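Open the model in your viewer and keep the selection tool at hand.

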Amino acid sequence: MSKSEETRARIARAALRLFVEQGVAATRTREIAAAAAVAEGSIYRYFESKEALAHDLFKQVYVRYAEDLQAIAARKAPFRETWAAVVAQLCRAFDEDADAFRFLLITQHDHLGEISARLESPVEVVRALMAEAIAAGEISVPDADLATSLGLGAIVQAAIFVLYGQLQGPLSAWTVEIQARSLKALI
């Protein structure tokens, strides 16, 4: 990684942490600069604005999650196996970078409208999996959107409970239980 790439990554990581702690609107660029150990003007060498930085962060995490789930979907395994892998991947992603997961949750309404339809969406990957499982008779929920909300809801709500201390983490410790309970709701 070049020095420039390293600086950009440091700015992005510092901003992500501050955005999660304080919100995007309340975070000042001088705070991001201080946390990243760069001059405030350096932020603008890499990002047009604080809002552009937030959008770029959202897009990076969103696309990364979609790519991870698409790799699972591409295996074309039976639904039970695929769903178990999806749950495990999302639990692992949460545990590896809870700030990124939390950032998606708290800023999705600000950024989803700006995400290009050409970009892969983790929700759409799961929806496609659900539609295929319905067509194959592997799940009984009759609507792919409802199935998607039931499946993802189980993961996201458990993650929120871990974030706020209502459920003892790591989230991966609950993977098998989330897999089983969400699958039960779907089949």
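Start with the largest nonpolar core, which has 58 residues. Select Ile11, Phe19, Trp83, Phe103 and Met130, the members that touch the most others. Such a core is a set of buried Ala, Val, Leu, Ile, Met, Phe, Trp, Tyr and Cys residues joined through side-chain atoms within 4.5 Å. Buried means under 20% relative accessible area, exposed over 50%, and partly exposed in between, with a 1.4 Å probe and protein chains only. Now colour helix α4, residues 50-73. Helix α4 gives the most to this core, 10 residues. Helices here are DSSP runs of H or I with at least four residues, numbered from the N terminus. In soluble globular proteins, nonpolar side chains tend to be buried together.

Two points on reading the model: it is predicted, local features need pLDDT of at least 70, side-chain atom pairs count only at pLDDT 80 or more, and totals for chains, interfaces and linings use all residues. Residues are numbered from 1 along each chain as its sequence is written, and side-chain values use heavy atoms, with hydrogens and water left out.

**Phe19 and its partner**

Centre on Phe19. Which residues is Phe19 in contact with, leaving aside its neighbours within four places in sequence? They are Val24, Thr27, Ile32, Lys50, Leu53, Ala54, Leu57, Phe103 and Ile106. Contact means heavy atoms within 4.5 Å. Phe19 is buried, at a relative accessible area of 0%.

Next, show the aromatic rings. There are five aromatic pairs. Rings of Phe, Tyr and Trp (its six-membered ring) pair if their centres lie within 6.5 Å; planes under 30 degrees apart count as stacked, over 60 as edge-to-face and the rest as tilted. Phe19 and Phe103 have ring centres 6.0 Å apart and planes at 20°, so this pair is stacked. The pair links distant parts of the chain. Phe19 sits in helix α1 (residues 3-22) and Phe103 in helix α6 (residues 98-111), 84 residues apart. Phe103 is buried too, with a relative accessible area of 0%.

Move to Phe94 and Phe101. Their ring centres are 5.2 Å apart and their planes at 85°, so the pair is edge-to-face. Phe94 counts as buried at 4% relative accessibility. Phe101 is buried at 5%.

**Helix α5**

Stay on Phe94, which lies in helix α5. Beyond its neighbours within four places in sequence, Phe94 is in contact with Phe101, Ala159, Val162, Leu163 and Leu171. Draw a C-alpha to C-alpha distance to Leu171: Phe94 and Leu171 are 7.1 Å apart in space but 77 residues apart in sequence.

Now select all of α5. The helix has 18 residues and reaches 25 Å from its first C-alpha to its last, close to the 26 Å expected at 1.5 Å a residue. The expected span is 1.5 Å times one less than the number of residues. Its buried residues include Phe79, Trp83, Val86, Leu90 and Cys91. What do the buried residues of α5 pack against? The answer is α4, α6, α7, α8 and α9.

**Helix α7**

Go on to α7, residues 122-135. Its 14 residues should span 20 Å, and its end C-alpha atoms are 20 Å apart, which agrees. Select Pro122, Val125, Val126, Leu129, Met130 and Ala133, which are buried. They cover an arc of only 135° around the axis, which puts them on the same side of α7. The arc is that of the directions from the helix axis to the C-beta atoms. What covers them includes α4, α5 (79-96), α8 (144-163) and α9 (175-186).

Look at both ends. At the start of α7, a side-chain oxygen of Ser121 comes within 3.2 Å of the backbone nitrogen of Val123. Following α7 is Gly137, with a positive phi near 75°.

**Backbone stops**

Finish in the loops. Most residues other than glycine have a negative phi, and most peptide bonds are trans.

- Ala37 has a positive phi near 60°. Ala37 lies between α2 (29-36) and α3 (40-46) and is exposed at 64%.
- Lys76 has a positive phi of about 55°. Lys76 is in the loop between α4 and α5 and is exposed at 59%.
- Gly169 and Pro170 are joined by a cis peptide bond, with omega about 5°. Pro170 lies in the loop between α8 and α9.

Conventions
Helices (H or I, at least four residues) and strands (E, at least two) are DSSP runs, numbered from the N terminus. A polar contact is a pair of N or O atoms within 3.5 Å; within protein, one must be able to donate a hydrogen and the other to accept it, and residues adjacent in sequence count only if both atoms are side-chain atoms.
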